[in-house]
Amino acid sequence: MSVDVKRLGVCINGKPIVRDIDLHISDGERVGLIGSSGSGKSMISKALLGLLPTNAQVSGSAMVGGIQVVEASEPVLASLRGRYVGTVFQNPASSLNPVLSVGKQIELPLKLHYDLDKVDRQARVARMLEKVGLDATIAKKYPSELSGGQQQRVGIATALITSPRLIIADEPTTALDSITQRRIVDLLVELVDKAGASMLFITHDFSVLSCATTRCYVLECGQIADSGQTAALLADPQANSTRKLVDAAHELTLQRK
Amino acid sequence: MRFIVRRFLLFVAALFVISVVIFAALRILPGDAPSVMAGLNAPPERVAMLRSQMGLDRPLAVQYSSWIDGLLHGDFGISLLTGRPIGSMVAARCSVTFPLIVLGLIVAIAIGLTFGVMAVLTTRPALRSGFHLLGLIGGAIPALWGGLLLILLFGRGTGLLGVLPSQGFPETGWDSFRTAFASLVLPALTVGVISGASLMRYTRSALGDIMHSGYIDQAMACGYTRRAAALKVGLRLTMPQLVSVVGLMFASMITGVMVVENLFALPGIGTGLVTDLGNRDLIAVQSELFMLAAFFLFIGFLVDLLHRFLDPRLRYAVQERA
C-alpha cells in the first residue's frame, strides 16, 4: 500500500508541531522516519492513522492507499485501521489492554473487520503467535504476565493478524534491551517482507533504522531536514541533524560493544 | 481463594474492633441513659429499675459479651422505648432505606455515567463547559435545598405539577407497591442527582485520563472509532475506579439519607437512628450503629472482590508476591 503525504501540517492548540511534510512510501517499501525526541515523528504517524488528539488541526494532504485520511470521517478511518494499516506502538506495556487476555487482543482486529467464527479466529491467533515466536498457550495470559519482548511480539501479532498492506511501527524497540531490539526488528522486517506490505518505521536510533529500512527521512523541529537511502545517510551524513543522529548511533554501538 | 479468606478475616477483625468502639463510645457519652428515659422528676427507684432492665448494672464485660452473643444469634434486643424487638424495628426501617438507596444509586449511575461519558466524548468546547458547570452545580446543591426544590416542583398538594407524594410512606409498606414506590421517587431523585453529579465528575476525570492513554490508541488502531473505544475499552478500564466510588457512595448514602428521610418524613434508618439517639435508647442505637458499620465494611469487602475480578493485574501481583 502506498503513502503519499504532501505539505502535511499539524498544530496543537494553534502551536505548529509538524510543518510542510512531503513523504512518499511505495508499495512494498520499508521507509524510516528518524528524529530526536519532540521532532514530531509520532504526530506524523498519528495523522496518518487519524489518531491525533481532538484539539489538533491538520492541514495538507495524506493519501493512504488512495484514501485522503486528513479529511476522512471516523468510520472511514476506523475501517482502514487494523484492516489495511497495522500499527506497532512504542511501549506495549502502556498500549496493550491490561484487562484483556493476549488472545482476545490479537483477535480484536479480526473480530472488527471480518465475519469469522470464534474457532477460526482462535486458530488464526494461534498461527500468528507461532509466527512471532510465541507459544500458543500464551493466548490465555494477560499482558502483565509477559516480559517486555513477549509483549512487543504480541503487539506485532496484533498489528499483522489481518495481513495489512501497511505497517506503521512507532518506535517499536525503544522500550527494549539491545538484544531484544535486534530480534524484534528482524522479526518485523521478515514478516513485513513475507506479506509484501509497506512499512513506515519510526525511531530515533540510526543503528535500528539501518536494519529495518532501505530509505529514510530525517525530521528536525517538525520539518524534513534530510532524506535518502538509509545506508548512504549512515555512511556519509551531510545535514547537521543527520550527522548528530549518526554520531549518537555510533556512540551507542561503541557503548554496547 | 486465599485472598477471599484473608479479606474475610480482616472483615471479621474490623467488625470486632468496631463493636468495641461503639459499645465503649455509647457508655462514655454524656447523659445517663436510664435517667433520660425515666424523665426529669422520676424517682431513683424508677431509674434503678430501668438501669436493671437495660442491663446497665452488670459489669461492662458481661454487658458486651451478652450483646455480642445476642447479635450472633440474631437477637438484637428489645427497645425499652417501644417494647418491640430491635431486629424487626430495624428490618422495617431497612425496607424503606435500602430501596431508597438502590433507587438513588440507579439515578446517580444513570446521570453520572451518561453525562460523564458525554462530557469526555463531546468535541464542542461549549458543551464540555456546560457539562463541567452541571457537575459543579449538581455537586454543590445541599440535599435539603434540592429536596425542597423537587417538592415545590413535583410534590402533590403544594408542588407546581403536583404529581408525586412528598411526605410519608404507606403504613402497609411494600404491600401497597405503587404508593410505596411513588413515595420514594422524589427522595431518590434528591439523593441520586447530587451523587450523580459527583459520579459524573469522577467518570469525566477517569475516562478523560484513559482517553489520552496508549490503550485507546491501540484499540483505535485495531479498528474502533473514538466513541467505540471510549465505551468498550475506556469505560472497562475505568471500571475498577468507578466501582470504588460507587461502593463508597452506596455505603455513605446510608448515613447521607438521614436528611432526605427527615425532609420527606420517611420512617427509615436515618430517621429512626436520630429518634433513638435523642431518646437515649442505648440498646437500639448500639445495634443499629453496629449494623450500619457492618454494612459499610461489607460493601468494602465486596468492592475488594470486584476489583480483583475486574483487574487481572491485581490477581497476578498477588500470585507473584506469594
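These legends walk through close-up views of a predicted two-chain model.

Local features are kept where pLDDT is at least 70, side-chain atom pairs count at pLDDT 80 or more, and totals for chains, interfaces and linings use all residues. Residues are numbered from 1 along each chain as its sequence is written, while chains are lettered from A and ligands numbered from 1 in the order in which they are written.

**View 1**
The score here is pLDDT, the predictor's confidence in each residue, on a scale from 0 to 100. Chain A averages 88, with 97% of its residues at 70 or more. Confidence in chain A is highest in H3(A), with a mean of 94, and lowest in helix H9 (residues 240-256), with a mean of 72. Helices (H or I, at least four residues) and strands (E, at least two) are DSSP runs, counted from the N terminus.

**View 1. Strand S1(A) and its two partners.**
Strands count as paired if DSSP finds at least two bridges between them. S1 (residues 3-12) of chain A runs antiparallel to S2 (residues 15-25) of chain A, with seven bridges joining them. Two residues sit between these strands in the hairpin, and A:Asn13 has a positive phi near 50°. S1(A) also runs antiparallel to S4 (residues 56-64) of chain A, this time with eight bridges. Follow A:Asp4 to see both pairings: A:Asp4 stands opposite A:His24 in S2(A), and its bridge partner in S4(A) is A:Met63.

**View 2. The hairpin of S9(A) and S10(A).**
Six bridges hold the antiparallel pairing of S9 (residues 215-220) and S10 (residues 223-229), both in chain A. Look for A:Leu219 opposite A:Ile224 in S10(A). The hairpin has two residues between its strands, and A:Cys221 in the turn takes a positive phi of about 45°.

**View 3. Where chain A meets chain B.**
Contact here means that the C-beta atoms of two residues, placed from the backbone, lie within 7 Å. By that rule, 26 residues of chain A touch 22 residues of chain B. On the chain A side, helices H2 (74-80) and H3 (102-113) each bring at least two residues, and H3(A) gives the largest share, four residues. That side of chain A splits into twelve nonpolar, ten polar and four charged residues. For this sorting, Ala, Val, Leu, Ile, Met, Phe, Trp, Tyr, Cys and Pro are nonpolar, Asp, Glu, Lys and Arg are charged, and the others, Gly among them, are polar.

**View 4. The two domains of chain B.**
Chain B has 13 helices and zero strands, and its C-alpha trace spans about 80 × 65 × 35 Å along the principal axes. Chain B is divided into domain 1 (2-72) and domain 2 (93-321), with bounds from an automatic or database domain assignment. Their centres, taken over C-alpha atoms, are 32 Å apart.

An unreviewed UniProt entry places "transmembrane region" features in chain B, including residues 180-202 and 289-306. Such positions follow the numbering used here, feature names are shortened, and annotations may be inferred rather than shown by experiment. In the model, residues 180-202 of chain B are 100% helix, with end C-alpha atoms 32 Å apart. Residues 289-306 of chain B are also 100% helix, and their end C-alpha atoms lie 26 Å apart.
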